[in-house]
Amino acid sequence: MEASPRPESERLGVLIAAALTLASLAPFLGKPFHVDDPLFLWSAQAVCRSPLDFYGFDVCWYIQRTPMAQVMQNPPLTSYYLAAAGSLLGWSEHALHGAMLLPAVLAVVGTHRLAGRFGAAPLPAAAATLWSPAFLVSSTNVMADALLARSEEHTSELQSPCNLVCRLLLEKKK
């Protein structure tokens, strides 16, 4: 049986993974909101007004006014997270992109820890996740991508720890 890494070296690896994530994403803190960001922001603001009616408004997204529930094809978790962040930190690009650093750091650190548990090299796995184009680009917006830390179409199993854990749990039930 292979010896597990010492706790000190694991902590150091986690700190390095977190620092690399922050260093890679910090330049994008002032990035203007774009693409689908407004949908998440509008839903977050709706959560602040009425927490149980997060999609209860119309938007002019496709030429005509449409109910948000028809336009937004994502669960409201990200909107609740952004509502909390916006209420505490403000609604600026810097504040909300800063809040979205936490899920990105957690995804990269989670990959580090998961790789270590499966016997893979943790730091290269964390770096591969962080610097994969799908994760890096998605982590610079305020959409659900980084919070969910998965994208089956664009990332490998090792790059999507939530997906991998879910699949392992389902396999265990069989």
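Here are some friendly notes on the packing inside this predicted model.

1. A word on conventions. Residues are numbered from 1 along each chain as its sequence is written, and side-chain values use heavy atoms, with hydrogens and water left out. As the model is predicted, local features need pLDDT of at least 70 and side-chain atom pairs count only at pLDDT 80 or more, while totals for chains, interfaces and linings use all residues.

2. Of its 21 residues, Phe 40, Met 68, Met 72, Leu 82, Leu 96 and Val 142 touch the most other members. Two or more residues come from each of helix 2 (37–49), helix 3 (68–71), helix 4 (77–89) and helix 5 (93–99); helices here are DSSP runs of H or I, at least four residues, numbered from the N terminus. Helix 2 is the top contributor, giving six residues.

3. Leu 96 is worth a look. Beyond its neighbours within four places in sequence, Leu 96 is in contact (heavy atoms within 4.5 Å) with residues including Phe 33, Leu 41, Leu 82, Trp 91 and Val 142.

4. Now turn to helix 7 (residues 122–131), where Ala 125, Ala 126, Ala 127, Thr 129 and Leu 130 are buried (under 20% relative accessible area, 1.4 Å probe, protein chains only). Their cover includes helix 1 (7–25), helix 6 (101–117) and helix 8 (133–138).

5. Where does Ser 132 sit? Ser 132 is in the loop between helix 7 and helix 8. Ser 132 counts as buried because its relative accessibility is 7%. Its side chain reaches the backbone oxygen of Thr 129 at 3.0 Å.

Methods:
Buried < 20%, exposed > 50% of the residue type's maximum accessible area, 1.4 Å probe, protein only. Core = buried A, V, L, I, M, F, W, Y, C linked by side-chain atoms within 4.5 Å. Polar contact = N/O pair within 3.5 Å; in protein donor to acceptor, adjacent residues only side chain to side chain.
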